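Welcome, and thanks for taking a look at this model. Below is a short tour of its ligand surroundings, some of its strands and a pair of helices.

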Amino acid sequence: MIFNTRVVEPSKPFADKANLKRAEHTALLKSAETSYEDHWAGLAKNNLVWKKPFTVPMKWNPPFVEWFCDGELNISEQCLDKHLNGSTAQKTALIWEGEPCDDLQPCERKTFTYAELHAEVCAFAEGLQRLGIKKGDRVALYMPMIPEAVISMLACARIGATHTVVFGGFSAESLRDRIIDAQAKCVITANGGFRRGKILPLKVAVDKAVSECPCVESVVVVDRLGETAESAYRNSKSAFTATQMHSGRDHWYSKCKIAGSTLAAAALPAEHPLFILYTSGTTGKPKGVVHGTAGYALWTNLTCRWVFDIQPDDVYWCTADIGWVTGHSYVVYGPLSTGATVYMYEGAPDFPDFGRFWRCIEREKISIFYTAPTAIRAFMRQGNQWPQSSNLSSLRLLGSVGEPINPEAWEWYHATIGSGKCPIVDTWWQTETGGVMMSPLPGITPLKPGSATRPLPGIAVEVVDDNGIPVPRGSRGKLVITKPWPSQLRTVHGDPERYKNTYWSTFAGPAGAVKEPYYFTGDGAFKDADNDIWVIGRVDDVINVAGHRIGTMEVESALVDHSSVAESAVVGVPDSIKGTSIYAFVTLKNEVKQMAGWNDVKKQELARELISHVGGIIGSFAKPDHIRFTDSLPKTRSGKIMRRLLKDVATGHESLGDTTTLEDVSVLASLRQSSDDE
Ligand code: WT7
């Protein structure tokens, strides 16, 4: 078992200044233990601005939960209006930096004070209203990392429209499916965005997607390219083409804004759906995870103060894209609700070189930095000269999220980026949990490289066997959450049965040790001798590629969608940078193999074609890294693909060579048949 016993004790100077002190932490653990509902009710009363106070802390009708449900509030008020009375109004809320930098001096940089951000949000919220967007409508966002993305999310929240942000790396088809599933009435996009020196053709993808979405009435387009596209990209490989606007449907963002608007935030029920975020599961179709307002607002705020220790003079940078939950909770809602200065960068970490992030940290004096292990490993591989060329002494806390962080990457992050003085918060959570569930608390919890350590106060997690019984320390089990919590997903959009089956049926209760249903995370874990938790990774058919969650079935369906493919099976194999890479076994239709001139060159061409086919259907980040053609797939007698076997074959692919044929796989299959059949 991977197990690093190094322990980094919290430093006293950090602890003395931290938001959360040990005594308060102990008290919180105790109150959650003794009076769960009162514990949460107290936090919700003291930490949220209510338009109408709640009287009912929670309603738990397993597996459906409501929190603070008769109260009314608006999360845009927590993030903006709340700060306007005091000095925070003139404090910088957002610092944004565009990617283009080589021939633009200085880099594109914009800042917004809280007062300015509030004005922008009001202006666009009222603009959305004039486009006919009402409380309860869904609005899809397909945007680059630009301030207008943050403003759009907050503007939707302000009028009670439920947003669904689709990561800009998704294909037009994925976007279409999400728009249709959410029945979005409006799409907000930009005519481009910059990534690794190229222009993302977002508007072109929107046009393609929306042509098949009768639900969409309007498209709002931010002019991101404007003049910069030409000046910054004279030398770029991307052709600059004028934006096509469909009259009657498309509107420029700048024209939608109602200047001078002071539109009040709508009073929304605590449970009002704030957003839908699609995430991969074990079946082919992504699930629309629905989050509510009050519980989510509460937990993203508290975790920003407890885990990230955000304080008034911090400059905070979470590198996640707003298209993922980390961007929702820890770029937008959480930090803005604490009145933080949030730094946001549009582009790639390695553009124009691997020093970009570190120069940003030096220039902006970033004090809190939150990123993913896959990025840390990529930087580590490039060598220390990049971070060492910048002054990183402003950093005081580092965070990690998205996948287990291997102790080697942890140590590098700690020593080279944090000069050995910054605590690292290894935050375990999921799209479904809304906010961080497990993490060391800086200044309180001893750090262990590779362990997310303990659940936060109020969060009840356990590592159990298939009967729901806690496993002994040191043994592997399944990670479950045993009590409902305020920021949990409320349902799967349009499919409550799926919500029930996916999350609450593995440990359904009441049966055996399980008195009430447990939420099943899909992760495997173990507890060490100190009761600290180590998350090992997914135990379902979901793989985590560079911190992106991808369902193996999704990739399989994309492959089978290609006219040459008969069948496919996808597994994840370990990768030193991405954590996991995608390995696809593909059987071809007979007519393809029988084609005249079918040879290795054609095979390689087809493999490349299949890889880009998957990119076109799902998005580039889901492209398989390896394609292996085989004449059949090993199956059990009941017809189930033997993934465990395929994983073994894929993991040992070097020794087997690249031209493994049908025989290899089927021979192995028959050898293993008896043991895997049951
Ligand atoms: C899955 C959730 C919400 C964070 C971004 C990913 C894995 C996440 C950790 C961590 C070990 C982690 C889990 C989880 N994961 N953080 N600190 N240590 N594993 O959100 O796309 O919903 O993926 O990411 O496997 O189930 P997501």
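## Around the ligand

A backbone N or O atom of Thr427 sits 2.8 Å from a nitrogen atom of the ligand; a polar contact here is a pair of N or O atoms within 3.5 Å, and within protein one must be able to donate a hydrogen and the other to accept it, with residues adjacent in sequence counting only if both atoms are side-chain atoms. For Asp426, a polar side-chain atom lies 2.8 Å from a nitrogen atom of the ligand. Glu403 has a backbone N or O atom 3.4 Å from a ligand nitrogen atom.

Which residues come nearest to the ligand? Of the 17 residues around the ligand, they are Asp426, Thr427, Thr431, Asp523 and Arg549; a residue counts as near if one of its heavy atoms lies within 4 Å.

## How to read the values

This is a predicted model, in which local features need pLDDT of at least 70 and side-chain atom pairs count only at pLDDT 80 or more, while totals for chains, interfaces and linings use all residues. Residues are numbered from 1 along each chain as its sequence is written, and side-chain values use heavy atoms, with hydrogens and water left out.

## Strands and a hairpin

An open sheet of 4 strands runs in the order β21-β22-β24-β25 with antiparallel pairing; strands are DSSP runs of E of at least two residues, numbered from the N terminus, and two strands pair if DSSP finds at least two bridges between them. The edge strands, β21 (461-464) and β25 (533-538), each pair on one side only. From one strand to the next, the twist averages 45°. Strand β24 (residues 519-527) is joined to β25 by 5 bridges, and Lys527 stands opposite Ile533 in β25.

Strands β26 (residues 542-545) and β27 (residues 548-551) run antiparallel and share 4 bridges. They form a hairpin with 2 residues between them, and Ala546 in the turn has a positive phi of about 50°. Arg549 in β27 is the bridge partner of Asn544.

## Two crossing helices

The axes (lines fitted to C-alpha atoms over the stretch in contact) of helix α14 (residues 373-382) and helix α16 (residues 407-417) come within 10 Å and cross at roughly 70°. The two helices are therefore roughly perpendicular to each other, a label for angles of 65 to 115 degrees.

Contact, meaning heavy atoms within 4.5 Å, is made by Ile376, Arg377, Phe379 and Met380 of α14 and by Glu408, Ala409, Trp412 and Tyr413 of α16. These residues divide into 6 nonpolar, no polar and 2 charged.

Technical notes. Axes fitted to C-alpha atoms, helices over the stretch in contact; angles between N-to-C directions. Parallel < 35°, antiparallel > 145°, perpendicular 65-115°, else oblique. Nonpolar A, V, L, I, M, F, W, Y, C, P; charged D, E, K, R; others polar.
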